[in-house]
Amino acid sequence: MAKLTKKQKEAYAKVDSSKSYDLAAASALVKDITNVKFDASVDLAIRLGVDPRKANQMVRGVVTLPHGTGKDVKVLALVTPDKEAEATAAGADYVGLDEYLQKIKGGWTDVDVIITMPSVMGKLGPLGRILGPRGLMPNPKTGTVTMDVAKAVTDVKAGKIDFKVDKTGIVHAAIGKVSFDAKKIEENANELIQTIIKLKPTTAKGTYVKSVFMSSTMSPSIAVDVKAV
């Protein structure tokens with residue numbers, strides 16, 4: 001293990017690893033222990049009592065964080081010419097179709113979210129090997145394949161994120177920036193947790209939310225009291 005710096009030691013000393021904090025306390029503490037020189041992301045890691053290998057226990061969804069993510073999300077709208085003005089007006093950073101399909105084919109993926117229309121999905125199929133591993137493939141379940149392109153773009157820009165349980169049963173998601181006040185971090189975190197609770201598969205047995213940890217970039221993890229969420 002790498003040697004801890006003085007600031008890292010101070011941060012670890014402020015976190016009691018033997019206890020769980022309620023969301024309000026964790027949200028305040030994560031700000032207190034973050035000592036990097038940039039606006040660090042605040043992340044949640046939520047361990048669920050599901051078996052992601054079973055299709056009927058896959059937890060996946062979208063949530064609009066009340067205070068956004070604090071991140072300038074780059075959106076590519078792959079749309080037909082009749083939808084270009086709509087996507088541009090809604091705030092999409094890149095708008096077009098064939099020229100961007102060619103750029104992606106060449107390896108360009110410098111965006112955070114791709115929004116498209118049902119009629120265009122056929123053209124995206126061959127690009128799955130490029131977009132899939134980067135989590136960029138549009139999906140009707142996350143609202144990124146839709147005829148209402150303007151709403152989809154607006155929602156993403158306003159703080160809508162999609163999440164998916166990984167193969168180890170954990171949902172990882174960025175829920176804000178350390179520059180947010182503690183109340184906003186708390187409310188964003190609660191919105192994500194409550195959304196995940198509502199998506200509990202009927203086939204999941206035993207404890208559903210096993211643990212929740214909050215952290216920021218390069219900070220210690222803070223255990224959140226799951227009974228208090």
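Tutor: What follows starts at the domain boundary and then moves on to the charged pairs. Keep in mind that this is a predicted model.

The chain is assigned two domains: domain 1 takes in 17-69 + 160-224, and domain 2 covers 75-157. Their C-alpha centres sit 27 Å apart. Where they touch, four residues of domain 1 are in contact with six residues of domain 2. The size of an interface is often given as the accessible area lost when the parts come together. Here that comes to about 500 Å², with 51% of it on carbon and sulfur atoms. On the domain 1 side, R60, V62 and K160 lose the most area, together 84% of what that side buries.

As for specific interactions across the boundary, there are zero salt bridges and one residue pair in polar contact. Strands β2 (60-64) and β6 (160-164) each supply at least two residues of the domain 1 side. By type, that side has one nonpolar residue, no polar ones and three charged ones.

So much for the boundary; now the salt bridges. The whole structure has ten of them. Take K71 and D112, whose side chains meet at 3.2 Å, N to O. K71 is in the loop between β2 and β3 (75-78), while D112 is in the loop between α4 (98-105) and β5 (113-116), so this pair ties together parts 41 residues apart in sequence. K71 is partly exposed at 47% relative accessibility, and D112 is partly exposed too, at 30%.

Another pair is D98 with K123, at 3.4 Å, N to O. D98 counts as partly exposed with a relative accessible area of 45%, and K123 as partly exposed with 43%.

K151 and D155 make a local pair, with their closest N and O atoms 2.8 Å apart. Both are in helix α7 (residues 149-158), and because they are four residues apart there, about one helical turn separates them. K151 is partly exposed at 48%, whereas D155 is buried: its relative accessible area is 19%, and the cut-off for buried is under 20%.

There is also a network of salt bridges linking D72, D93 and K157.

Definitions and conventions
Residues numbered from 1 in each chain as written. Predicted model: local features only at pLDDT ≥ 70, side-chain atom pairs only at ≥ 80, totals over all residues. Heavy atoms only, no water. Domains from an automatic or database assignment. Contact = heavy atoms within 4.5 Å. Buried area = accessible area lost by both parts, 1.4 Å probe. Salt bridge = Lys/Arg side-chain N within 4 Å of Asp/Glu carboxyl O. Polar contact = N/O pair within 3.5 Å; in protein donor to acceptor, adjacent residues only side chain to side chain. Nonpolar A, V, L, I, M, F, W, Y, C, P; charged D, E, K, R; others polar. Buried < 20%, exposed > 50% of the residue type's maximum accessible area, 1.4 Å probe, protein only.
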